[in-house]
Amino acid sequence: MALIKCPECGREVSDKAAACPQCGYPLTQPPASPSSRGKAGAVIFRVVTVLLLAAIAFSSAFPLVQRFSSPISDFAFNMATDAVYFTDAYLDDEDRDDDSLEYLHDTIKTFNDRLNTFIAGDGAKDRRTYQNDKQISSALFSLYSCTYESDFDISRVIHARNYLAGVIGAPERT
């Protein structure tokens, strides 16, 4: 047991005393009441709940964040989605001919050229997005390469289309 001075009257008092016996000055903090601890816990719970609800609302407002595990630019996503759409339209067309194949070939080349111009210019701002945009460009080029009339094979087109769809998270085609 050690002796300390009372801050109020200056008398020496035991460090274990709750209050000075001379003047009654409290020397220790009273323990927190159970009700005040419960209130603090309730406040923390409410704050965490509000933050969680805000995070859910924010993520639902930006569906691209939920759709992809890796970041890609909106421009690359739009080019890839359009290429998948045009390829599906070609594959669904029962009256396919060389003109429709040439149109598909030229359209995909245009998408790939526009994406490469975007990437080379002010495209992706961070390294991961840049690499993923380049992967989409590579997938577009594979699809483009499969649409030459001289060595056309429908199974290669479907395979390249499915690869591109997989990169952007679109469903595959059988």
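How many helices and strands does the secondary structure of the protein chain come to?

## Overall architecture

The protein chain holds 6 helices and 2 strands, where helices (H or I, at least four residues) and strands (E, at least two) are DSSP runs numbered from the N terminus. Their order from the N terminus is β-β-α-α-α-α-α-α.

This is a predicted model, in which local features need pLDDT of at least 70 and side-chain atom pairs count only at pLDDT 80 or more, while totals for chains, interfaces and linings use all residues. Residues are numbered from 1 along each chain as its sequence is written, and side-chain values use heavy atoms, with hydrogens and water left out.

Of the 174 residues, 28% count as buried (under 20% relative accessible area, 1.4 Å probe, protein chains only).

## Packing of H3 and H6

Helix H3 (residues 74-92) packs against helix H6 (residues 154-168) at an angle of about 150°, the axes being 10 Å apart; axes are lines fitted to C-alpha atoms over the stretch in contact, and angles run from 0 to 180 degrees between N-to-C directions. H3 is therefore roughly antiparallel to H6 (an angle over 145 degrees).

Contact means heavy atoms within 4.5 Å. The H3 side includes Phe 77, Val 84 and Leu 91, and the H6 side includes Ile 154, Arg 161 and Ile 168. By class, this contact has 12 nonpolar, 2 polar and 2 charged residues (Ala, Val, Leu, Ile, Met, Phe, Trp, Tyr, Cys and Pro count as nonpolar, Asp, Glu, Lys and Arg as charged, and the others, Gly among them, as polar).

## Helix H5

Among the buried residues of H5 are Asn 132, Asp 133, Ile 136 and Leu 140. The buried residues of H5 pack against H3, helix H4 (98-120) and H6.

Terms used: Parallel < 35°, antiparallel > 145°, perpendicular 65-115°, else oblique. Buried < 20%, exposed > 50% of the residue type's maximum accessible area, 1.4 Å probe, protein only.
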